[in-house]
Amino acid sequence: MSEINNKNTSGIEKDKFFAPENEKRTVTAPDGQIIEIDPLNDYFCGDAPRVHKPHKNKLFESFLNWARAESIWVLGFGTGCGSIELYPLLTPRFDAYRFGIQMAPTPRQSSLMIISGYLSVKTLKRVVRSYEQMQNPKFVMGLGSCTINGGMYWDSYNTINRLDYYLPVDTYIAGCMPRPEALLAGFNHLKKAIKEGKGEGANKYAENFEWYKANQKKIIKDWNMPDYNW
Amino acid sequence: MGVFTKIPYVLLGLFILINYGLLVTGIFRRISARIGKRIGMPVYQPWINLVKLYAKRSSVYHGIMFYLGPVFRLGGGVGIFLFMPLIFGSEYFSNFSFAGDLILIMYFMFFGMLGMALGAGEGGHPYSAIGISRGLAQFTAIELPLTFAIIAIAIQYQTLSLTEIVAAQQGGITHWVLFTNPFATAAGMLSFLGAMGASPFNVVRAPQEIPIGPPVEFNSGFLAVLRTNAALLHIVEAILWMNLFFGGATNWIELFIKSFCVYFFALFVGTVFPRFRVDQSIRWYLKVPLILGILAILYIKFI
Amino acid sequence: MKELLQRLEYRFDVSDIVQKRENQTFLTIDKKHTISLITHLRDIENFSHFVLLTAVDWIEDNLFQLTYILHNPEVNIDIAIRTMISRDNPEMDSAHHLWEQVATYQRELKEMFGINFPGSPGVNDSFILEGWDDIPPYRRDFDTKKYTEETYFPRPGRQTNDPAEYMKNKLYPNG
């Protein structure tokens, strides 16, 4: 047993990007017991995501899809310059509330993640964490050329080129930057796709989980979080 | 009428009030959008949101108290509803009102907050802990003037039964507490603003502050239960205030009109005044409304 | 400005004095005396505002150039101090004891150019590139395009035009 433990800890020490607060340690509990804590395994669930099949009844499912399409809660997470294009949507001029689009403050409660503009590797790590905390029918919208092919940052050492290698993207909106009108058109496109039952990004992510993880881990080199952030 | 034959009518009243609450929430959003020169979301948006939230395929939970938090919160809302007479004089819609129901309702108003605090605390998110401490502190300050107003009414009519308080206010508009004890009404309506969580006192649940406060970890179905409760709780509180200060209602039409007016008092104050910080709102509640509440008791005692 | 420069020339071995604007002067000093010049400017000449610290990679001369820009808010004068350090052993004295924010600039330079500032707080922590294991990306021998093509799955079919040529052809198609 101790041999295995030693092997594990020595393997962890070799990893130079492993954060020191995530190391295994012994802690004295308030009542005096000495317990061992492995933060990465004890604080998080290590399971991979599961595929949640749509409802068998087609009519019922299409009703649910209609509700999902008409009530899109956008995670307020601006990754790049495009986040400034989102705020005019909430002003009297464009008023996205008319289409059932609201901003949600936390990933737990939101259903759409907008990757607004260039995505640096440091931000990608946070984006992956936030995306995985969202609940199952969840959608991703890539805003601007940077998410499609890298845009003007295509040869940068620190920004990704293609978003669909890291997250399952439902809609792209081209432009640098797209106007709010283009965003509204993109929202309508997304709604149409959801109503047709094509908004199964979360299931796609779960099915191809290993491929997505391999791509993410290729560029996020200091991977010091669990594989799936529940 | 026996207790068991009453149950279907209570459930019917609950169903009507939840839907009425959602409708009022939709109108609320629509009017505040109009004040901001927007068109605003459709009136039926709250129903769609609920369907969407209940239809989420996955959800994350953090333990047994996390399950019970929204249940307790809903229990608070339903509890107020259960022990409050909706229609005065109607045998079917007076629910389980009894001699001391006002005390029980006061308890239920705090019960939901406490249950929520336990559930959100187990979520483990630091923002929910901050939100809870803010919410409980503010709600304690909000309840003080309300309690004084209720004590004044209880002294005035020598009863703690809502049915009897409503009965004493029948017979013309001048019999309402609004005219017999204006100080109690003022204190009560000011604490209504806080109890509704509308704009000047909504820092606890404001999305722009610490993200959305106590419910930050609640997702899918949990959030849907909270949303259902919010719709029910707000309209039930409006009806409670209507019973206390504005003579209750003798039929459904009167109930809808009166509770609508009480509800929209909070909206119109909320759209005009910006948000208070928690320390500001506590200080404010311990000044003007509290003095009004004390005046209400003195007014009944000596005049 | 002139008097200030005369005073500095009297005390320090400064060279290459270039006045870029009316109130902005660049000057060069050797590595050993840089920090004492900055301290002198801050404490005696009242240059209380530290504007920035940046680096330039002179790969042909095998040198890094460090530029410290200081500002005197009372008379509105900028002074930029250039110093050359060797590329083989990129190390410089830290100036974090003069202004706290210098530590952040030094942390960035350590990450982007690999210039070390011993003793600067948190200089080895990652700044933007979390877990970078290649040569520092702002060095000119780092091939950004090659790195991108190997790492970030470039989308095929992308065309690149030289902006000058492209606009010339578009605006004057007949030459």
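## Contact between chains A and B

Two residues are said to be in contact when they have heavy atoms within 4.5 Å of each other. By that rule, 32 residues of chain A are in contact with 32 residues of chain B. The model is a predicted one, in which local features need pLDDT of at least 70 and side-chain atom pairs count only at pLDDT 80 or more, while totals for chains, interfaces and linings use all residues. Residues are numbered from 1 along each chain as its sequence is written, chains are lettered from A in the order in which they are written, and side-chain values use heavy atoms, with hydrogens and water left out.

The size of an interface is often given as the accessible area lost when the parts come together. Buried area is this loss, found with a 1.4 Å probe and summed over both parts. Chain A and chain B bury about 2700 Å² between them, and 58% of that area lies on carbon and sulfur atoms. On the side of chain A, the residues A:Arg108, A:Gln109 and A:Gln135 supply 23% of the area buried against chain B, more than any other three residues.

A salt bridge here is a side-chain nitrogen of Lys or Arg within 4 Å of a carboxyl oxygen of Asp or Glu, and four are found across the interface of chain A and chain B. In one of the salt bridges, A:Glu200 pairs with B:Arg57, and their closest N and O atoms are 3.1 Å apart.

## The interface of chains A and C

Chain A also meets chain C, where 27 residues of chain A are in contact with 24 residues of chain C. These two chains bury about 2300 Å² between them, with 53% of it on carbon and sulfur atoms. Within chain A, the residues A:Trp154, A:Tyr157 and A:Lys221 lose the most area to chain C, and together they make up 33% of what that side buries.

Between chain A and chain C there are four salt bridges. C:Glu130 forms a salt bridge with A:Lys125, the closest N and O atoms being 3.8 Å apart. Helices α4 (121–133), α5 (145–149) and α8 (209–219) of chain A each supply at least two residues of the side that touches chain C, and α4 of chain A gives the most, with four residues.
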